[in-house]
Amino acid sequence: MASQVPPRLLACWVILLAVLLRVILGLHSYSGAGVPPKYGDYEAQRHWMEITINLPLGQWYTNSTQNDLAYWGLDYPPLSAYQSWVHGKVLQRWVPEAVALGASRGVETPRSKLALRQTVLASDLAVYFPAAAFLALTLHGARPSRQAVTTLAQLLLGPGLILIDHGHFQFNCINLGLTLAAVACTLRGSLLAGAALFCAALNHKQMILYFAPAFFSHMLGTCLQQRSAWGKLFLLASIGGVVLASFGVVWVPFLATPGGALPVLRRIFPTARGLFEDYVANLWCASSLAIKWRRLLAPSQLLRLCAAGTLAAVLPAMACQLRRPTRRAFLLGLANSSLAFFLLAYQVHEKSVLLPLAALGTLGGPAAELAQYVGVYSMLPLLRKDGLATAAAAVAVAYAAVLGALRPALPPAWRAARAVFLAGAAAITVGFWAVPPPPRYPFLEDAACMAWCCTALVCLFGYTNVLQVQECWGPGAARRGRHGKRKGA
């Protein structure tokens, strides 16, 4: 039936459903609800609004009697702080008790919760939704098509982002929205706009660094494709100038304050936090079940090991883009770069899986769909803690139902892969429900969940790397044009 509906109407339905899911999820619990003394990420975001509107800019990232950094001190880059200031000013006008300096700690009134939820929804609608639509049209043509609507559904209905932003409570929709817009501009050949938007995303959340190798290698590869030496140098210098100007605009207020940018840098790159937090589905956490990395190596050694492992994992995709910077190579590079960082980088959070999910969403297809299920299940311990496990299942079912109606039937191999992963996830969940873990190992289920999801992500990483190599050196690579399509296709 969906095949008979005009693409424009389908797109409207997808957007309305995406908004509805976000609104309904906002009625649920959130990170740290009613759990003093530090509560959770909801309180962290509220506290940053409180700090930025009540203290001078020079004190936002420094410890003081009015800004105790041990209590959810700002640890995101300046653009995130500016966003907190804007939202804080809005709350100060309508719900002043929610951002009163000192007195608002732990405030969880119905009015304040509604206002804070609306700041996330407004940010999502203002940044992420337009960027997702822009990218879908960039990938599939200026006019709406069924393929464009399917990509839009992949991006807007992905359960991972909805659950973390509108359930757990964060503003990933801003940095991921800016990233999607940067990808769209880059695919259109507007490298300067793409560079500026990527810098904005990176200055909103430092984890956007996961995408940096893909952007760098694609843009450098494009510069090297210019016919003349002057053309190569001019384009490279132009991109470099845009990057410097973009960072300058964001950072100049802090450079003009006593102490400069050093306090900010110390907060946004806290290497003392350790190799990973909680049970995150990456290789360091999974292998730590057998190898106690934190006992074997000092933090500085672990940091170097992670850097070397991540660089080694991302180099093949970078080399491919330097050799043949096509559109498809860029999208594959984003997936491979973000997966490499998630699996091997230092200080990875479970919520960082949203970055490879977004990258795979730009590629579309069965890999993107499977990745969403893996990503949501990998965050199950966190979602349970937030009281969002049932909501996660409902959002995932809605996502699966819409994609099932929009896309063609999955190939048998991908149906089998999805069935195997979901069967394993069900076996772990039902098994530990029927036979609870022994008191000595209370987190055994979390560890099993993490190891299973890590296995799936490693398989996806291998798959996307194979596609990357085929795009660059495969039998049909020489016949592909500049935009990554076969000639005549």
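**Figure 1. Phe169 sits in helix 6, which spans residues 159–169.** This close-up comes from a predicted model. Phe169 is not a glycine, yet its phi is positive, at about 100°. Most residues other than glycine have a negative phi. Is Phe169 buried or exposed? Its relative accessibility is 0%, and buried means under 20%, so Phe169 counts as buried.

**Figure 2. Gln347 lies in the loop between helix 15 (327–344) and helix 16.** Gln347 also has a positive phi, of about 60°, although it is not a glycine. How does its surface exposure come out? The relative accessible area of Gln347 is 12%. That value is under the 20% cut-off, so Gln347 is buried.

**Figure 3. A cis peptide bond joins Pro36 and Pro37.** Omega for this bond is about 10°. Most peptide bonds are trans. Where is Pro37 placed? Pro37 is in the loop between helix 1 (7–25) and helix 2 (41–54).

**Figure 4. Trp85, Val86, Val90 and Trp94 make a nonpolar surface patch.** The patch covers about 410 Å². One of its residues, Trp94, lies in helix 3, which runs over residues 78–94. Is Trp94 buried or exposed? Its relative accessible area is 56%, and exposed means over 50%, so Trp94 is exposed.

**Figure 5. The largest cavity holds about 90 Å³ of space.** Rolling a probe the size of a water molecule over the atoms shows where empty space is left. How many cavities of 30 Å³ or more does a search of the whole structure find? The search finds five. This view shows the largest cavity, with about 90 Å³ of space.

**Figure 6. Residues from several parts of the chain line the largest cavity.** The lining includes Tyr128, Gln154, Leu155, Gly158, Leu161 and Leu176. Leu354, Leu357, Ala358, Gly361 and Gln372 also belong to the lining. Which elements give two or more residues to it? They are helix 5 (146–156) and helix 16 (354–363). Helix 16 gives the most, with four residues. By type, the lining divides into seven nonpolar residues, four polar residues and no charged ones.

How values were computed
Residues are numbered from 1 along each chain as its sequence is written. This is a predicted model: local features need pLDDT of at least 70, side-chain atom pairs count only at pLDDT 80 or more; totals for chains, interfaces and linings use all residues. Side-chain values use heavy atoms; hydrogens and water are left out. On a 1 Å grid over the protein atoms alone, a cavity is a set of points where a 1.4 Å probe fits but cannot get out, and a pocket is an open set with protein on both sides within 12 Å along at least five of seven lines; lining residues have an atom within 4 Å of a point. Grid points are joined across faces, edges and corners, and a volume is the space filled by probe spheres set on the points. Ala, Val, Leu, Ile, Met, Phe, Trp, Tyr, Cys and Pro count as nonpolar, Asp, Glu, Lys and Arg as charged, and the others, Gly among them, as polar. Patches are made of residues with over 30% relative accessible area and no salt bridge: like charges are joined within 9 Å, nonpolar side chains (Val, Leu, Ile, Met, Phe, Trp, Tyr) within 5 Å. Accessible areas come from the Shrake-Rupley method with a 1.4 Å probe; for residues, only the protein chains shown count as cover. A salt bridge is a side-chain nitrogen of Lys or Arg within 4 Å of a carboxyl oxygen of Asp or Glu. Buried means under 20% relative accessible area, exposed over 50%, partly exposed in between (1.4 Å probe, protein chains only).
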